[in-house]
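User: I am new to this structure and would like to learn how to read it. Please take me through it one feature at a time.

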There are 2 protein chains.
Amino acid sequence: MLEFQPLAIDGLARRARLTLRRGVVDTPQFMPVGTYGSVKGVLPAALEQMGAQIILGNTFHLWLRPGLDVIRAFDGLHRFEGWRRPILTDSGGFQVWSLGAMRTIGEEGVHFASPVNGDRLFLTPEVSMQIQTVLDSDIVMQFDECTPYETAGRVTREDEARSSMELSLRWAQRCRAEFERLANPNALFGIVQGGMYEPLREESLARLAEMDLPGYAIGGVSVGEPKDDMRRIVAHTPRRLPAHKPRYLMGVGTPEDLVDGVAHGVDLFDCVMPTRNARNGHLFTRFGDLRLRNARYKADTRPPDESCACHTCAHFSRAYLHHLDRCGEMLAPMLASLHNLHYYLNLMREMRSAIEQQRFATWRAQFEADRSRGV
Amino acid sequence: MLEFQPLAIDGLARRARLTLRRGVVDTPQFMPVGTYGSVKGVLPAALEQMGAQIILGNTFHLWLRPGLDVIRAFDGLHRFEGWRRPILTDSGGFQVWSLGAMRTIGEEGVHFASPVNGDRLFLTPEVSMQIQTVLDSDIVMQFDECTPYETAGRVTREDEARSSMELSLRWAQRCRAEFERLANPNALFGIVQGGMYEPLREESLARLAEMDLPGYAIGGVSVGEPKDDMRRIVAHTPRRLPAHKPRYLMGVGTPEDLVDGVAHGVDLFDCVMPTRNARNGHLFTRFGDLRLRNARYKADTRPPDESCACHTCAHFSRAYLHHLDRCGEMLAPMLASLHNLHYYLNLMREMRSAIEQQRFATWRAQFEADRSRGV
């Protein structure tokens with residue numbers, strides 16, 4: 001099931017309420033990534049407490065470990081990982097594509113060797129739907145081929161991007177057929193491809209729109225292309241997607257990318273940056289980014305972000321985090337992840353509020369001024 | 001300051017209330033170890049929530065990193081690490097002793113090379129008191145020499161243990177003089193040494209008792225000796241310490257060791273086992289120990305310990321923990337540490353309650369039956 005109720009519009013930016021089987025998601029919203037059924041270093045209770053409404057799981061990873069037999073014993077991913085709110089699962093398409101030389105893509109699907117034990121595996125649109133049905137995620141993504149930015153050492157040509165986009169469209173049809181055959185009660189999203197070519201993006205989204213799926217994603221961005229190309233596609237594609245359905249920009253991105261996406265009508269985002277960067281001592285703050293390892297923080301008694309209400313900023317200093325990081329203490333990535341995820345979720349909260357109050361442009365100008373101020 | 005108010009006695013086991021500058025500690029009590037100012041993998045808020053009343057910090061480690069200048073900027077260790085309740089710091093004696101070939105012990109103190117940057121350092125009773133005064137811990141330990149179980153490949157001889165014990169006694173006098181000179185407002189504990197020789201233990205404790213310090217520890221156990229030797233010393237020494245002062249058995253131990261210690265009149269314990277073993281997938285439970293890596297838990301939907309009220313057992317299964325551990329997810333040591341510390345703290349809680357109700361022997365018999373049942 002899926003309901004999408006628009007609440008406010010400010011320019012192209014949208015404020016809406018997305019209702020899924022396990023609950024409500026206020027959009028625009030950011031989805032923390034829980035690849036193996038765990039948002040790295042953060043307890044589900046802490047995610048709930050900081051206001052996360054939906055998290056992501058990776059079909060490819062969960063298929064390999066723990067495997068479907070284990071997930072079935074828990075009647076799906078929710079009980080297995082102790083998360084009661086909505087979950088979106090990707091299709092595995094991006095992950096098998098990322099295996100590079102270890103996989104072969106054909107019309108039927110993708111042959112690859114398991115990176116865990118070397119087993120020969122075959123992932124198809126049908127298998128992806130079957131796995132995601134066992135996972136019982138609230139949003140199921142179609143199996144697609146991610147069109148690479150570069151092919152054979154040069155920018156992917158339009159004819160190459162077209163044939164990849166068309167394969168993803170054929171796979172979308174097969175996904176829907178299998179999803180219906182399985183009587184999956186959740187919501188299936190289509191994925192717009194087309195590389196860096198606007199005409200292909202338009203063709204992809206028009207043909208997906210004809211399928212009347214409950215939501216659409218923009219795939220194949222943030223895959224190594226120059227920032228200007230990404231911005232160009234984000235400025236082009238989201239606004240052309242059906243207005244009454246949720247739009248999800250996959251794998252994006254920095255705080256600035258999220259703001260740009262919302263400005264162009266995107267409703268959902270996911271990205272590993274807040275947690276991955278946290279593990280590398282990189283904190284996002286209102287006043288710019290902070291590298292914990294910098295010796296200037298050795299005796300800095302201030303919190304990472306003086307404007308932040310997260311658990312980390314309420315209780316700990318830059319000096320303490322710098323020290324933990326230097327000593328290799330696990331608490332460093334834990335506290336940094338709490339902060340970064342809170343920062344991302346709060347950024348979305350601020351944007352939702354600005355859209356409701358029709359002051360998104362003013363808010364954005366202040367956001368940009370703050371971010372360039374420096375910590 | 002220190003007040004020690006006995007509440008109940010059952011055999012040799014004691015139930016008391018220990019009041020320190022930052023709060024009350026119900027004894028018998030276990031102190032989680034926060035070597036570098038962090039109990040590994042556990043938020044201070046989680047420690048409070050599970051009822052930890054006092055934690056330990058390591059003088060040697062904190063002296064090297066972050067160093068005293070940083071600690072001074074926070075007026076001590078409490079604000080630096082975000083822990084409001086009492087802290088006990090060790091003296092650094094055990095850690096420099098553990099450096100082995102990298103240190104030289106003399107009458108004045110211990111010369112050693114910093115394991116962090118190779119700097120030549122000199123730790124003395126006076127320096128240890130100065131560092132612990134900057135840390136401002138609620139319980140300060142005297143600087144001592146830990147008598148090794150083995151010397152030159154054979155069991156340490158009585159004459160060797162005597163001269164080591166006597167050095168620790170001279171250092172205790174110097175510690176007290178420096179502690180008073182510094183007008184440290186906290187409580188200084190003496191440490192009984194004497195190796196595996198009861199006559200030396202008696203001499204050490206008699207001469208420390210003459211100093212009328214507010215509390216005493218038993219050092220030099222759990223340093224590689226056979227379990228029977230440790231049990232012999234634990235059966236011998238604690239009961240001979242002044243009855244109206246807290247008794248602390250350093251660096252001990254397994255759940256069985258804690259129960260044995262309490263049975264012989266020990267009030268305080270510390271050990272890295274709950275957190276270190278957690279990081280190795282080893283859970284302590286009422287019904288025995290559980291090795292998360294065992295394939296038998298792959299699809300086991302039960303919590304680690306069905307009788308346990310901790311956050312981990314309330315929300316997660318053996319299968320999920322097994323999976324997290326297998327995938328190298330940080331949440332595995334986090335959840336295992338939460339459980340193990342809760343187990344240790346709850347074990348102490350059960351013992352306090354049993355002593356209050358004069359049923360410690362019955363409780364102990366049930367504890368032993370349960371622990372051998374198997375998970």
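User: Through which surface do the copies meet, judging by the interface residues of chain B and chain A?

Analyst: A word of caution comes before the answer: this is a predicted model. To compare the two sides of an interface, check whether a residue used on one side is also used on the other. Here 100% of the interface residues of chain B are also interface residues in chain A, so the copies meet through the same surface. The contact takes 29 residues from chain B and 29 residues from chain A.

User: Which elements of chain B give two or more residues to the side that touches chain A?

Analyst: They are α3 (68-73), α4 (77-81), α13 (318-326) and α14 (331-356) of chain B. The largest share of this side comes from α13(B), with five residues. Sorted by class, the side of chain B that touches chain A has 15 nonpolar, seven polar and seven charged residues.

User: How are the two copies placed relative to each other?

Analyst: In general, two copies of a chain are related by a rotation about an axis and a shift along it. In this model, chain B is superposed on chain A by a rotation of 180° with 0.0 Å of shift along its axis, at an RMSD of 0.0 Å. The two copies are thus related as by a two-fold rotation axis.

User: Which residue of chain B comes closest to the rotation axis?

Analyst: That is B:M330, whose C-alpha lies at 4.1 Å from the rotation axis.

User: Let me turn to a single chain. What does chain A consist of, and how compact is it?

Analyst: Chain A has 15 helices and 18 strands. Its radius of gyration is 20 Å, close to the 21 Å that the globule rule gives for 375 residues, so chain A is as compact as a globular protein of that length. Along its principal axes, the C-alpha trace of chain A spans about 60 × 45 × 45 Å. Of the 375 residues of chain A, 55% count as buried. Contacts can also be read by their distance in sequence: among those in chain A between residues at least 6 apart, 68% join residues at least 24 apart.

User: Into which domains is chain A divided, and how do they touch?

Analyst: Chain A is divided into domain 1 (3-271) and domain 2 (279-371). The centres of these two domains of chain A, taken over C-alpha atoms, are separated by 27 Å. Their contact takes 23 residues from domain 1 of chain A and 22 residues from domain 2 of chain A. On the side of domain 1, the elements of chain A that give two or more residues are β1 (3-10), β2 (13-20), β4 (29-31) and α10 (255-263). The largest share, five residues, comes from α10(A). By class, this side of domain 1 of chain A has 14 nonpolar, four polar and five charged residues.

User: Which residues have the most contacts inside the largest nonpolar core?

Analyst: The general idea is that in soluble globular proteins, nonpolar side chains tend to be buried together. Here the largest nonpolar core has 225 residues, and those with the most contacts inside it are A:F189 and B:F189. Leaving aside neighbours within four places in sequence, the residues in contact with B:F189 include B:I139, B:M141, B:L213 and B:Y248.

User: Is helix α6 of chain A covered or open?

Analyst: Count its buried residues. Helix α6 (residues 125-135) of chain A is mostly covered, with eight of its 11 residues buried. Among them are A:P125, A:M129, A:I131 and A:L135. The helix α6(A) is followed by A:D136, whose phi is positive, near 60°.

User: What should I look for in the backbone?

Analyst: Look for exceptions: most residues other than glycine have a negative phi, and most peptide bonds are trans. A:D75 has a positive phi of about 55° although it is not a glycine. A:D75 lies in the loop between α3 (68-73) and α4 (77-81) of chain A.

User: Is A:D75 buried or exposed?

Analyst: A:D75 is exposed, with 12 other C-beta atoms within 10 Å.

User: Which peptide bonds are cis?

Analyst: One of them runs from A:T27 to A:P28, with omega near 0°. A:P28 lies in the loop between β3 (23-27) and β4 of chain A. The peptide bond from B:V252 to B:G253 is also cis, with omega near 0°. B:G253 is placed in the loop between β15 (247-249) and α10 (255-263) of chain B.

How values were computed: Residues numbered from 1 in each chain as written. Chains lettered and ligands numbered in written order. Predicted model: local features only at pLDDT ≥ 70, side-chain atom pairs only at ≥ 80, totals over all residues. Contact = placed C-beta atoms within 7 Å. Helix = DSSP H or I, 4+ residues; strand = E, 2+ residues; numbered from the N terminus. Nonpolar A, V, L, I, M, F, W, Y, C, P; charged D, E, K, R; others polar. Least-squares fit on C-alpha atoms with pLDDT ≥ 70 in both. Domains from an automatic or database assignment. Core = buried A, V, L, I, M, F, W, Y, C linked by C-beta atoms within 7 Å. Buried ≥ 20, exposed ≤ 12 C-beta atoms within 10 Å, placed from the backbone. Rg over C-alpha atoms; globule rule 2.2 N^0.38 Å.
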